[in-house]
Amino acid sequence: FFFFFFEYLIRRVHSHHSTVFFVCHIDIACHVMDDALLRRYRLPAVTHDPFDSPANELGVWEWFKLVVFGPILIPIRGILIVLVVLLVNGLLKLFSIGANYECLGEDVVVGWRATLGRPVVLAACRIINFLLGHYYIQVKGKLAPASEAPIIAMNHIGYTESLYSIGQGWRHIGKQTACRLPLCRLPNCFIETIHLDRSSTESNQSARRKICDWVKHKDEPGFRHLAVFVEGEYICAQ
């Protein structure tokens, strides 16, 4: 605003000498004002830079773990993950004897099957996250009750966020093609994952109805939060 105002005044001055005199006074006044403001609001010098620390440099032990333990643990972790997945599917197959589950996102698991099956899936997801090398970070604070915030919007920047949400005991919306993989069908069936085909408007509307029906029971005991991956679910249709 001041810049255009001064320019307007300068253009109104007809004398060349008056213009130069006017501009010089404005320039000097601005410099004096800037120096005064900087002296008044100048922050103290930085005494510690958390991003520049000798503790961040890798020592001999860290390099030894990377070079020696890394190649050894990678296949061991992979084998353990496969064993966990197979064990979970075997237990869920045992629990589903006598029930006709199609595993297409429409099954409702209740009774003793849900009581036994869901904790198995939750524990498996936590174990797999641990085997993948994820660390547990204690979160200070308290999750809002489901009656106030029934839907949790989560980031989805990798391939393991669904393992975290399932491990927390939340119901979530999953990509249909992933939920119907051979080793993922039964686990997603027992935790009642809402299947979503991102390219189908009909699937989109069906997921909307299921979300609304689920949220209606938010005040009932035993209600589970619903986890939504915004980056994945909101790109489809509407």
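## E192 and R224

E192 forms a salt bridge with R224, with the closest N and O atoms 3.8 Å apart. A salt bridge here is a side-chain nitrogen of Lys or Arg within 4 Å of a carboxyl oxygen of Asp or Glu. E192 lies in the loop between α7 and β3, and R224 in the loop between α8 (201-215) and β4 (226-229), so the pair ties together parts that are 32 residues apart in sequence. Helices (H or I, at least four residues) and strands (E, at least two) are DSSP runs, numbered from the N terminus.

This is a predicted model: local features need pLDDT of at least 70, side-chain atom pairs count only at pLDDT 80 or more, and totals for chains, interfaces and linings use all residues. Residues are numbered from 1 along each chain as its sequence is written, and side-chain values use heavy atoms, leaving out hydrogens and water.

## E192 and R118

E192 also forms a salt bridge with R118. The closest N and O atoms of that pair are 2.9 Å apart. Distant parts of the chain are linked here: R118 sits in helix α4 (residues 111-131), 74 residues from E192.

E192 is buried, at 9% relative accessible area. R224 is buried too, at 14%. Buried means under 20% relative accessible area, exposed over 50%, and partly exposed in between (1.4 Å probe, protein chains only).

## The surface pair and the network

The count comes to three salt bridges. One of them joins the side chains of K216 and D213, at 3.9 Å from N to O. K216 is exposed, with a relative accessible area of 64%. D213 is partly exposed, at 42%. Through shared partners, salt bridges join R118, E192 and R224 into one network.

## Nonpolar cores

A nonpolar core is a set of buried Ala, Val, Leu, Ile, Met, Phe, Trp, Tyr and Cys residues joined through side-chain atoms within 4.5 Å. The largest one has 21 residues. V84, V88, L92, Y101, V109, V121 and F190 touch the most other members. The elements giving two or more residues to this core are α3 (60-95), α4, α5 (161-167) and α7. Helix α4 gives the most, with seven residues.

V109 is in contact (heavy atoms within 4.5 Å) with Y101, A114, R118, C189, F190 and E192, leaving aside neighbours within four places in sequence. That list includes R118 and E192, which also form a salt bridge with each other. Another core, of ten residues, lies apart from the largest one; among its members are I194, L196, W214 and L226.
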